[in-house]
Amino acid sequence: MKNTREFFADSFKAEKPKFIRVLQAVPNDQKGYRPHEKCSTAGDIVWLVASEWGDACEIVDHGKVNFAVKPAPAKVEDAVAAFEKNAGELEKRLAKLDDAAWEKNAQFLMDGKVVWEAPVGDMLYGFLFDAIHHRGQLSSYLRPMGAKVPSIYGPSADENG
């Protein structure tokens, strides 16, 4: 039976290609698309998901991250490349992470203030759930912007899966 750390590593590995398919589906000329003025743009969501895994590496390496919104790159492809790099780096760290490090307390800061404190493992699951949420948000933008919706957990109207 897998423990939660092993299950997370396996789940992250399984989700990674699904993220890549959705992120790559955003046409560069539609990165500014948003269905409503209060919504984030497609490009900003791609960047949020991409950069989130860099923050996760900070959590693993240092036990804390000071979250700051960083401007998205000019091209969606550059954000997708950052996702692949950051996700790959996290996978390397997960392979070396032991149970004690998984249970060690971590901090998520905004403007230097702790807004979330939890074990590393809980925080990584929070990052995964947040990224999956934003992937779903982004997938709902695709068809209205004229892009094809890739298979995520099964067929879409555009892909058999």
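Q: In which sense do strand 2 and strand 3 pair, and over how many bridges?
A: A pair of strands is called when DSSP finds at least two bridges between them; strands are DSSP runs of E with at least two residues, helices are runs of H or I with at least four, and both are numbered from the N terminus. Here strand 2 (residues 105-110) and strand 3 pair in the antiparallel sense, over 6 bridges. Please keep in mind that this is a predicted model, in which local features need pLDDT of at least 70 and side-chain atom pairs count only at pLDDT 80 or more, while totals for chains, interfaces and linings use all residues. Residues are numbered from 1 along each chain as its sequence is written, and side-chain values rest on heavy atoms, with hydrogens and water left out.

Q: Which residues in strand 3 stand opposite Met110 and Phe108?
A: Met110 faces Lys113, and the bridge partner of Phe108 is Trp116. In a regular strand, side chains alternate between the two faces of the sheet.

Q: What does Asp111 do in the hairpin of strand 2 and strand 3?
A: This hairpin has 2 residues between its strands, and Asp111 takes a positive phi near 55° there.

Q: In what order do the 3 strands lie in the sheet?
A: The order is 1-2-3, in an open sheet with mixed pairing. Strand 1 (64-67) and strand 3 (113-119) are the edge strands, each pairing on one side only. On average, neighbouring strands of this sheet are turned by 20° against each other, direction ignored. For the angles, axes are lines fitted to C-alpha atoms (for helices, over the stretch in contact), and values run from 0 to 180 degrees between N-to-C directions.

Q: Which strands does helix 2 touch as it packs on the sheet?
A: Contact means heavy atoms within 4.5 Å. Helix 2 touches strand 1 and strand 2, and its direction makes about 145° with that of strand 1.

Q: And where does helix 5 lie, at what angle to strand 3?
A: Helix 5 lies across strand 2 and strand 3, and it runs at about 110° to strand 3.

Q: Let's zoom in on helix 2. Is Glu52 buried or exposed?
A: Buried means under 20% relative accessible area, exposed means over 50%, and partly exposed is in between (1.4 Å probe, protein chains only). Glu52, in helix 2, is buried because its relative accessible area is 8%. Setting aside neighbours within four places in sequence, Glu52 is in contact with Phe127, Asp130 and Ala131. The C-alpha atoms of Glu52 and Phe67 are separated by 9.1 Å, with the two residues 15 apart along the chain.

Q: Why does Ser139 count as buried?
A: Ser139 sits in helix 5 (residues 120-142). Its relative accessibility is 16%, so Ser139 counts as buried. Not counting residues up to four places away in sequence, Ser139 touches Val22, Val149 and Ile152.

Q: How far apart are Gln137 and Cys39, in sequence and in space?
A: Gln137 is also a residue of helix 5, and at 22% relative accessibility it counts as partly exposed. Gln137 and Cys39 are 98 residues apart in sequence, yet 9.8 Å apart in space, C-alpha to C-alpha.
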